[in-house]
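Trainee: I'd like to learn how to read a model with two chains. Can you walk me through it?

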There are 2 protein chains.
Amino acid sequence: MASTGTGPVVSTGVLSPEELRGIDLYWRAANYLSVGQIYLLGNPLLREPLAPAQIKPRLLGHWGTTPGLNLVHAHLNHQIRRRDTDVMWIVGPGHGGPAAVATAWLDGTYTETYPSVTRDADGMAALFRRFSFPGGVPSHVAPETPGSIHEGGELGYALSHAFGAAFDNPGLVVAAVVGDGEAETGPLAGSWQSGRFLDPARDGAVLPILHLNGYKIAGPTVLARIPEADLLAQMRGHGYEPRVVSGDDPAAVHQEMAAALGACLDGLDAIQARARAGEEVADARWPMIVMRTPKGWTGPGSVDGDQVEGTWRSHQVPLTGVRDDPGHLRLLREWLEGYRPDELFDADGVPRPETVAVVPRPERRISANPRANGGLLLRDLVLPDIRDHAVEVAAPGTATSEATRVLGGYLRDVVAANPDNFRIMGPDETRSNRLGAVFEATDRAWSTGRLPTDRELAPDGRVMEVLSEHLCQGWLEGYLLTGRHGLFNSYEAFAHIVDSMLNQHAKWLKVSRGLPWRRPVASLNYLLSSHVWRQDHNGFSHQDPGFIDHVVNKKPEIVRVYLPPDANTLLSVTDHCLRSRDYVNVVVAGKQPGLDYLPMDEAVAHCARGAGIWEWAGTDGGADPDVVLACAGDVPTLEALAAADLLRRHLPDLRVRLVNVVDLMRLTNEGEHPHGMSDRQYDALFTPDKPVVFAFHGYPWLVHRLTYRRTGHANLHVRGYKEEGTTTTPFDMVMLNDLDRFHLVMDVIDRVPGLGVRAAGLRQRMLDERLRCRAHTREHGEDAPDIRDWTWER
Amino acid sequence: MASTGTGPVVSTGVLSPEELRGIDLYWRAANYLSVGQIYLLGNPLLREPLAPAQIKPRLLGHWGTTPGLNLVHAHLNHQIRRRDTDVMWIVGPGHGGPAAVATAWLDGTYTETYPSVTRDADGMAALFRRFSFPGGVPSHVAPETPGSIHEGGELGYALSHAFGAAFDNPGLVVAAVVGDGEAETGPLAGSWQSGRFLDPARDGAVLPILHLNGYKIAGPTVLARIPEADLLAQMRGHGYEPRVVSGDDPAAVHQEMAAALGACLDGLDAIQARARAGEEVADARWPMIVMRTPKGWTGPGSVDGDQVEGTWRSHQVPLTGVRDDPGHLRLLREWLEGYRPDELFDADGVPRPETVAVVPRPERRISANPRANGGLLLRDLVLPDIRDHAVEVAAPGTATSEATRVLGGYLRDVVAANPDNFRIMGPDETRSNRLGAVFEATDRAWSTGRLPTDRELAPDGRVMEVLSEHLCQGWLEGYLLTGRHGLFNSYEAFAHIVDSMLNQHAKWLKVSRGLPWRRPVASLNYLLSSHVWRQDHNGFSHQDPGFIDHVVNKKPEIVRVYLPPDANTLLSVTDHCLRSRDYVNVVVAGKQPGLDYLPMDEAVAHCARGAGIWEWAGTDGGADPDVVLACAGDVPTLEALAAADLLRRHLPDLRVRLVNVVDLMRLTNEGEHPHGMSDRQYDALFTPDKPVVFAFHGYPWLVHRLTYRRTGHANLHVRGYKEEGTTTTPFDMVMLNDLDRFHLVMDVIDRVPGLGVRAAGLRQRMLDERLRCRAHTREHGEDAPDIRDWTWER
């Protein structure tokens, strides 16, 4: 077994003997508390012989990364005390939950957050018991952990979360511990470039601490094994000036770490000072630390003949047979006693003053940083009146707008009114998605080389464009969770790139909502444009409307999906989303010219209802239709309206009702989602017994999945994207998927009882129209003119 | 406008005047053909005045990256001719579809693949017309493009595909063009480390060509704007020795590029020679090229007063008003004529011999490389007999196995029998997923530093572990599409990380199946273990069974989902998947000890049926049940069997049928999926009118989505994961989601008509049992002993 702490205290570096001792006591205490969490059900201070019954029956947790995290925490404390810096930390190796819990308990935050877990022997016992125990707290860093905005589950987002937290927080230093396992992920590898988007004048600083403990679960890590010169070259190439702290002798490492951390904080202060004095600081050399210490440091050196400390074998629980194997039990006791708990805690189990001498003043404690509970600091957005941006709609379906272009004007005003509180993220698609008006109010954030020919680039731009959905999402999550607002605009198909990140954020929100001390944060708002039906330049690879399928699998109280059919409804929905809290809102809207249907007042009312009958488009006079034409999404709404128009002209006696759905979750039952409607409401819209032909933006089965309990479900026939597409014209795309107006008319004819014979001629004509359109498109490369220029005929 | 080609041919470098002229002619021809594809409907050789009607009505495509790609292709040809190297290319900037199509037509491959597109003026006209035109070919590099394994849609995977292609292809050089937009993505950033996993002795080589044209859609790129020293440091840090080729004068760039490419190929030959002579070459310095040339090079210099060439404005179509604006039309004509088409093509439109003098011998043409149509080279796997790995099952539910551990023995034999044709990819979870037996036959691939304490690491290991799902997936896709086999094992929840990659691969397969010349490739096989129900160490962040929801949105002919309930069924299913072609197979299986139910013969028969009645577990005597207990997945099967056991003991008169589903797509209608069953078959299993209580592995609505058309759907009640979880015990997890045996019994009682009063006592007892189990777990941190040790009682 390696030393579990310093031997005789000798100071040969920047730390005085007293400082060294203080840091080491804190570190040892945190390590002791970490081991206790993994193993002990009772006897927390080892004041009686350790009995098997005091060992947890299921040993769950991750020791390997924990002592390194504790070391970082101890040293951050030391620097905060010295400099009174405002520091939060991101625990990339979030499996090391014991470290975040132990340090929060040591500095008092844990007890303030959970008063039943007192800061004494009883509280220590409760702390140990609740860790990774049914009814307790997770084994990872989680929403339950004070001081965290970063779930310790899926790896890859530590740095992007850290940068998101730092944006527009000029006084903040975010210490981001990156594990060498996580560093192998793509998203983390792509996050190093974040410094090129950070404004040293207006933003805070991120201090990456790359912790090389050498191993993942079962094998070595790449960055720990490549030549160190390669590693340092990578970091320098990303714009960092790395300092290496390396060793396994605690006293020596403490001195090295203190020197490195102090120098790094000096370094970033210097960069900020230059920038804040007005100097343009592009490509700043941001300081960072490479910390190379053993995995499972201070844990059992070897067990049953195998080396454990310093290898992958210490990843989870180094001693697994403790309940049954007296040898393991003895090793555990020796391990714990090696930290000399009586030196660390007094007779009552309270940390001795010298153990916590390194803890900063209460407001500066890392675990108590209010930015890690961003709702505490959340200010409402100043929002412009959507009516000022409304398009005039003299009559439905007679004029066109590009919905996202209209929204761009609104967002420009949001940006202008909230200069330090709102950012727009996107993978270089802000203009492509026709939100370009925002560049009248701001620029793209850019802190590296510029050319005279450039447009709309500045270090303090509010639009963040990088061709990485992962980075956009990670930055935005970090920004939101520290109490700010934002919008992520993306091509619809490529939102799937962040499916898994969305999962983790939704899980974070779900758990946070159950914790009274976590205050609500701004919702994560997605604007998905360049959607499946209008991928004119790109084709099949860019056609996937399934992100909303993914989203609705999350907990219903978290997720909202909106499919506004035109510009005014898009404005209304976006305004609503920007005011909401603790949700994931997904808005899908087209950027191509599309018909306007609703004046703003009607748009607001329609969006508030979420779904409604468009009486002006139907022929049922408000009651007792023969068939319901339903639609959700801009292109399906166009096709459904065109189908209604055809039916009005060719089958004037047929009573057609048109229902438009904006808020997709309205389709669910009221008990299943907060927006769900009662069966009575549903039947009032869709009827319990009449055929419903539903033109849907996405995969058709999503509508079935949301409505399968409805009385009339057997009469529901949904058209949507069925994974047919290529580079072709807009109308050919809907034809390929049988979502076109002609096919919808055929669907109606096939489904209304008794209509078959009477409408046989019309059905044939619809088939002929499809053939005509297909032939025209194949020959001329464009939609048939009467399709392209169609407007609503009433 | 910049020069569209070299002026007077002056050789001041490695190329002779004749070589320089040959390369330049080919490049100009490819550029000419690229512009023609974007713009022209007729008049392909400009032998008459260019009329607006000869311009495509919708100008779709991406010019910006195209001339750079054409340049790379020309120079690769030159080197292939000189050295007879076996080269394939990966077009990372796959939006530059015109380049891949143009070069394939120039070298004759296109006409061999599509005989109607002849290599003359008529064929040229057909080539132009079909590009990005309805009924034609996509605007991106796509399956339709000869010589490609890489869809030009979603960005990030060029390098991982390239490495996948290079593995076990010792004679192959994969030239991977990486765009500077793509280089910002996380997955691409994480791909540079692939060299640390490449064996110079047994694998081929990848030559990255990082093309900095400076811009994405609307803004600059990071790597083009950071100091060049930073860029080179990054590349060196990743283990590459970069050579910079930079300029906008074609003749000078040709000389530089020829010198750099020649030196790179020499360099990689030298590394391979050392390794193949037996030297251990860890951390080889692989050559690469940084190519800095203008975006939209040789296109219009400026349009309407704005600089276009060399800026983001040339990203898609530099001249957009050609049909309506005579000035634009004139610019287009000047642009095209600048390539001097009469020098390039003869009177019939056939490329002149000197234009294609640089093309290699037919078998060496890049676009004709058979590895880019991997099915041509595919060899069947040599598969062991699953019976040799079967577990004995004397009676159902009496003994336990760890299913994936049993599978590990089988996979060990697969690895041993297919030493150059099969790889296992996974994010460091092979042992964690209990497939560790494979390490008896092989090691982890590892070509960087090793320590004496390491285990199971070697340059030629068949197991590829990197903590990047993106890299695992990208490598495997590249490996499969070049005609080999593999398996991706991952934690279930984190399969979502590659949702979007799965989309693109499924789309590739769907389109490929429609192209007779593309031969079937081995299926992409996922083994998802460490699943939602057994995340003992990790908890909520690791609980998400939704990958299968995502997969079933893909085209039905492509996707298969299997939920084997025990070890023998897992063997049978895996054996089937490894023999299949052109599918995405997802297998979900637990790694924890679980009961064995079926002897191997029965397992094979059950898997072949995909779903079946387990008569031995039911009480309906094979006919006319009162209720059906259905199940899919290992943990749900355990709970359903336990529920059946409780019902047998406590309600012996109740006729219970137990149905187990292995092949999830069996639930769909026969018209919707090749594995779907007829309504008659479905009703024979599930009855048309009796209550069905379905215990499901994933989100419950997935079962509803698959069965909503069934007669008995209204009687179907599904239990599954409803997003409730934390770090707790296995039985507490199923209780949290109401999937436990006691709740299933309650569900049966609540749904069988007339059972309520008779079974009220049992129902209460079930509730009490749940409370007892919850209390035991909260107190002791473990499942109640009678739950934990439950075995089947018949």
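Trainee: How much area do chain B and chain A bury between them?

Mentor: The size of an interface is often given as the accessible area lost when the parts come together. In this predicted model, chain B and chain A bury about 9,500 Å² between them, with 54% of it on carbon and sulfur atoms. On the chain B side, Arg225(B), Leu467(B) and His537(B) lose the most area to chain A, together 7% of what that side buries.

Trainee: And how many residues does the contact take from chain B and from chain A?

Mentor: Chain B gives 121 residues and chain A gives 122 residues. Of the interface residues of chain B, 100% are also interface residues in chain A, so the copies meet through the same surface.

Trainee: How many salt bridges does the rule find across the interface?

Mentor: There are 16 of them between chain B and chain A. Take Glu723(B) and Lys554(A): their side chains meet in a salt bridge at 3.4 Å, N to O.

Trainee: What rotation superposes chain B on chain A?

Mentor: Two copies of a chain are related by a rotation about an axis and a shift along it. Here the rotation is 180° and the shift along the axis is 0.0 Å, with an RMSD of 0.0 Å. The two copies are thus related as by a two-fold rotation axis.

Note on methods: Residues numbered from 1 in each chain as written. Chains lettered and ligands numbered in written order. Predicted model: local features only at pLDDT ≥ 70, side-chain atom pairs only at ≥ 80, totals over all residues. Heavy atoms only, no water. Least-squares fit on C-alpha atoms with pLDDT ≥ 70 in both. Contact = heavy atoms within 4.5 Å. Buried area = accessible area lost by both parts, 1.4 Å probe. Salt bridge = Lys/Arg side-chain N within 4 Å of Asp/Glu carboxyl O.
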